[in-house]
Each structure stands twice: as C-alpha cells, then as structure tokens.
Protein chains: 2
Amino acid sequence: MLHLILADSELETVPSEISSDKSLRRKARRRGKRPTELILDSNYFHKPMRKLEDSERRGRPDIVHVCMLTALDSPLNHEGLLKFNVHTRQDKVIKVNPETRIPRSYNRFVGLMEQLFLTGEVPPESPLLKMKDATLAEKVKETGPERVVTLREDGKRISRKKLFRGISKKDDFCAIVGGFPHGEFLSEVDSLSDEKIKIYPKALEAVTVVTHIIQFYEAEYLKNLLFHG
Amino acid sequence: MLHLILADSELETVPSEISSDKSLRRKARRRGKRPTELILDSNYFHKPMRKLEDSERRGRPDIVHVCMLTALDSPLNHEGLLKFNVHTRQDKVIKVNPETRIPRSYNRFVGLMEQLFLTGEVPPESPLLKMKDATLAEKVKETGPERVVTLREDGKRISRKKLFRGISKKDDFCAIVGGFPHGEFLSEVDSLSDEKIKIYPKALEAVTVVTHIIQFYEAEYLKNLLFHG
C-alpha cells in the first residue's frame, strides 16, 4: 500500500487578518458566505494577500486539485493500493476515500473545499472527504509505515530497486510530497523520513512528483498488469 | 522523441447555433466578447448545450488544460524529448512550444484559449501556441513517425519492450490519446496506427493515459536519469 501525503499544502480559508478587505467582502457577499469561509486563492486575492506572511506561496488550491485528480484516477488507486491524504499549512489533514470522484471543474472543487472546511466532511449524506486536526508527524505515524520517504529537490538520487527493497505490496510505504509551489517544507520532515530522495535533478511541480512516485510504485508492484512483462 | 497528440479534443468556441442563448449572451457581454468567441464549457453552458449534437461529451477544455499541465512539466519534456500537440473535434491543431508555461488557473487558461481561437497564436509578442487547420491524419504524417500507437480502452495489451522494440531515442514515436471524456474517436485512427494498445483493463481519464505513456517512454529512454539503474 502506498500512502501518499501531500504535505504542507497551501489550502486554507481566508485568514481573519485580511477578511475586512473590500474585494474579499464583495466576493463573499455574492457567494452568500463570510469572507473567512472562502478558500484563499492567490489567483483572485493577490492584492489583499500581500499583507500575509509567506504570501508568495500561499493560496494554491489548484495544486491540491490537480494532484487529487491524477492520483485518484491512477491504476494504483483503482487496484486499491493507494491511500491519498492532504495535510495543510495549518495542520489540517484530509482523508480521501479512494472512491471519491473529485469535481473536474476547479470552481466546483473550491466550493467542495469550502464546505469541507465549514463542516469537516463532504458530501453530507455519505462523507468521502473528512478533515481533522493533525500534524504531519501524527498523520505519518497513523499510517504505521514500514518506510517513509520524502521527495524533495535536494534529496538523494536513489535506485528504484533500493527504494522498495524489502517492501512488499502489503507493507505500508509512505511518501511525502510537498503541496506548495516552491520553498521548503514547513513541517519538520527530516526526523520523519527514512530517506529524502529526488527523482529528477531539477525542481518539478507537485503533480509531476505525485504521478511519478505513483508510477514508480506501479512499475514495482503492478508490473504484470501495466507493463505486461 | 515522443510526439503526443491529444486527439479529437473537446475544445472549441461556442457554435453559432446556440449563440443566441440568453445566458451565453449575458456572459459574453460581461466579458466584452461575442458569444461565438467564448470557449464552450459544459460546466457553465450545460443548458444551452443540450441542443448540440454529441452534447454529452463536448465542451471539455479542462481535459486539455490538465493534460497540458502535466505533460509540459514532465522530465521528458524538460529533457527535450516530448512534442505535445492538441487536435480538436473541428480539425484544428495546436502546436505547443515545449517551453510554454501553461497558466495554472483554469480561468486564465480558458482566456488564453479564447485568444488563441481568435488570433491563431498566443502570446502575441512571441507566440508559444500556434493553431492551424489540420486533420489528425495530416498532423500524424507531419511528425514523420517511425511508429504510431493509439491508446484506447479496446486496444491490445502489449509489453513495454515490444512497444518500443527497434525504436531509438532519435526516432519519432507518435502516441495518440483521446482528448474527450468518453466514447469513440471521431477521427479515423485505425488506418493511422501501427498498433492500438491499452495500458490498463479499465477506462482511464485522458490525463492518466498521458502521464502513463510519457512515463513508459521515460522508463525506456531516461532510465538512468530517473530510475538510477
């Protein structure tokens, strides 16, 4: 089983310190919400966001969206071998049921996230996404992993063989991928990880790291299904 | 070189037969455009679209968006071994410069596509995306391929070894992936393809097929870079 954690993801609601901004209040009113119930989006709230600490990396629900879309449609997920989790800057963890159908439309996805932050689970009738408070360390521990690797630009180059050595399909293998556009992990990943690795010499988008680590795992454990020998 | 063609993609402007629809006209006015200059989007124009033939599959710029995002950030593209092209339902072909930075924001992407349909190239100062009229057969021929494969649900299972047998990194290998949500190719792919193959027994989203064919190619030709032996 591959436990993939999108860590320190830049997914959050509008912080109260900028909630009195006029354009934010207008948008909230139009949507019938309070400003602090909106998902922070750097694409729309660029100006008020300048007042926030770390403003150049925050407000990126699009990263979570595209990573979820690609992870949940992978053969690995269809075969029941993937558990996908989102951990956020404010130590919220979203547990994603593997059968979730993530909305293709970005605006609908953001609407779903708003509801999730408000109620803690969506959809109301039979929740597929559940949110709780947990640090990255707590979430990693919960997966009971045999091995934990963190993917980062300054990690070690490692052979696929070595990466999975001694790990069977039934073991819990945990991979941590940064859910932010650039910069460092906010969470302390060093002490959590058996290895810090990179898959390519240059920086890659989160979604590229997600699809690659999934397919490395598929190539190892679904070889006969996908490569046909 | 992998030439990846997203074929029969459901990317088009609003057809004139529904351009008199009130909600479409309102949206166009708000954006300072004619209705027929808007990109057709099933998520927003669901009701007027019901009058269109094939309405249940049309208006899916989101598929093109996510496929472009993931393809252009792949190590294969960074290494200069990928040419990504979009072919549409109306036989338009978009040639994508490998250095293009596709907007992360869906709304900005749609704005870019509107401009592309209007002017034939974007951005104006030094075009990275260029559109022309061409059928899928014409585009495939233009790549001068050693081998052409079409990815489809009812294709053959084939080993990766056999897929690339006799093909070197310098050869032009052409892969055709459907840029539509479900159903059949509109273009005649049988006569164009040396092989019709599938990578997994169940239907997959276009983006999943795109990331997998790219990574199959990477695993074959960038083995030492990505797998480190």
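B:Glu205 has a relative accessible area of 26% and is therefore partly exposed (buried means under 20% relative accessible area, exposed over 50%, partly exposed in between, with a 1.4 Å probe and protein chains only). The model is predicted, so local features need pLDDT of at least 70 and side-chain atom pairs count only at pLDDT 80 or more, while totals for chains, interfaces and linings use all residues. Residues are numbered from 1 along each chain as its sequence is written, chains are lettered from A in the order in which they are written, and side-chain values use heavy atoms, with hydrogens and water left out.

**Interface of chain B and chain A**

- B:Glu205 forms a salt bridge with A:Arg104 at 3.5 Å, N to O (a side-chain nitrogen of Lys or Arg within 4 Å of a carboxyl oxygen of Asp or Glu).
- A:Arg104 is partly exposed, at 29% relative accessibility.
- Two salt bridges are found across the interface.

**Helix H5 of chain B**

- The 14 residues of H5(B) should span 20 Å at 1.5 Å a residue, and the end C-alpha atoms are 20 Å apart, which agrees; the expected span is 1.5 Å times one less than the number of residues.
- Buried residues of H5(B) include B:Tyr106, B:Phe109 and B:Leu116.
- The cover over the buried residues of H5(B) includes helix H5 (106-119) of chain A and, from chain B, strand S3 (92-96).
- B:Gly120 follows H5(B) and has a positive phi, near 85 degrees.

**Salt bridges within chain A**

- A:Arg58 and A:Glu12 form a salt bridge at 2.8 Å, N to O.
- Because A:Arg58 and A:Glu12 lie in separate loops, the pair ties together parts that are 46 residues apart in sequence.
- A:Arg58 is buried at 7% relative accessibility, and A:Glu12 is buried at 2%.
- A:Glu184 and A:Arg152 belong to a salt-bridge network that also links A:Asp154, A:Asp190 and A:Lys196.

Conventions: Helices (H or I, at least four residues) and strands (E, at least two) are DSSP runs, numbered from the N terminus. Contact means heavy atoms within 4.5 Å.
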